[in-house]
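Welcome to a short tour of one structure.

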Amino acid sequence: MKRIKGHYIKEGKNLEKGKLYIIRKNRIVVFKEEETDDIVNIHFNITKEKQYGIYSSEFKPSFIEDNGVKKADILIFIVDEENKHLRSWVIDVKKTVGGEDVIYHLIEQLMETFRHEQAITLYLEDFQKKLNIGYITRDLQRGRIQETIEEKKLFIKNQKESIKNMSVLLAQKIGAGLLKEEAKLRILEDFQNNRIRIGANYYPVQSYISEQKEGKFICNLNVVCF
């Protein structure tokens with residue numbers, strides 16, 4: 001018996017943001033990033049009778065205010081009711097990933113949609129679960145990220161040295177700023193090491209690179225339950 005309620009896809013109708021759609025058979029759901037026109041073809045592989053998929057773009061629970069809420073682009077589930085298996089994906093799409101502000105924003109989006117994912121899977125607590133968190137981009141700039149990490153390390157080191165010769169009040173003021181910089185550094189280092197910290201736990205982060213085909217950047221994402 002299906003535990004999660006959702007809408008069914010009507011052929012020829014555009015899918016609405018924020019709605020959960022039930023996928024009952026093998027099919028491709030197309031997500032199009034509005035700002036860049038990048039395309040993600042989501043291949044749902046429903047391999048058993050009592051399996052179904054769930055898809056949503058920019059999902060948030062209806063009881064959460066929309067103002068200022070950050071949302072990842074794609075939320076996916078494959079549910080196997082018979083074997084009590086659940087696999088989920090929290091995915092965002094970015095044109096390029098390398099600038100630190102882009103990374104901080106991406107992390108916030110993934111973390112927020114992770115919480116939305118948890119709100120749903122709470123009702124499937126007896127299922128064996130596997131969560132996939134990641135992002136899709138045309139250009140992953142690892143070198144640029146590492147340069148930013150090294151620059152922050154050097155800045156923090158120099159600031160800590162200079163604090164030694166300052167008054168107590170000034171040192172406290174600069175020290176508070178350094179705590180923020182150290183927190184940003186940890187986020188970047190975790191990201192560079194393909195992980196994200198949410199609460200007390202670390203989760204692996206997967207990266208997918210889009211390929212250019214006929215003037216469009218396209219990523220094919222295959223989703224299947226275990």
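Start by selecting Ile54: leaving aside residues up to four places away in sequence, Ile54 touches Ile4, Leu20, Tyr21, Ile22, Ile23, Phe44, Leu75, Ile76, Phe77 and Val79, where contact means heavy atoms within 4.5 Å. This is a predicted model, in which local features need pLDDT of at least 70, side-chain atom pairs count only at pLDDT 80 or more, and totals for chains, interfaces and linings use all residues. Residues are numbered from 1 along each chain as its sequence is written, and side-chain values use heavy atoms, with hydrogens and water left out.

Next, select residues 74–80, strand S6 (strands are DSSP runs of E, at least two residues, and helices runs of H or I, at least four, numbered from the N terminus). Seven of the seven residues in S6 are buried, meaning under 20% relative accessible area with a 1.4 Å probe, protein chains only. Ile74, Ile76, Ile78 and Asp80 point one way, while Leu75, Phe77 and Val79 point the other. In a regular strand, side chains alternate between the two faces of the sheet.

Strand S5 (residues 51–57) pairs with S6 in the antiparallel sense over seven bridges; strands pair if DSSP finds at least two bridges between them. Zoom in on Gly53, whose bridge partner in S6 is Ile78. Strand S7 (residues 85–97) is also antiparallel to S6, again over seven bridges, and here Leu75 has Val90 as its bridge partner.

Finish at the turn: four residues separate S6 and S7 in their hairpin, and Lys84 there has a positive phi of about 55 degrees.

Note on methods: Buried < 20%, exposed > 50% of the residue type's maximum accessible area, 1.4 Å probe, protein only.
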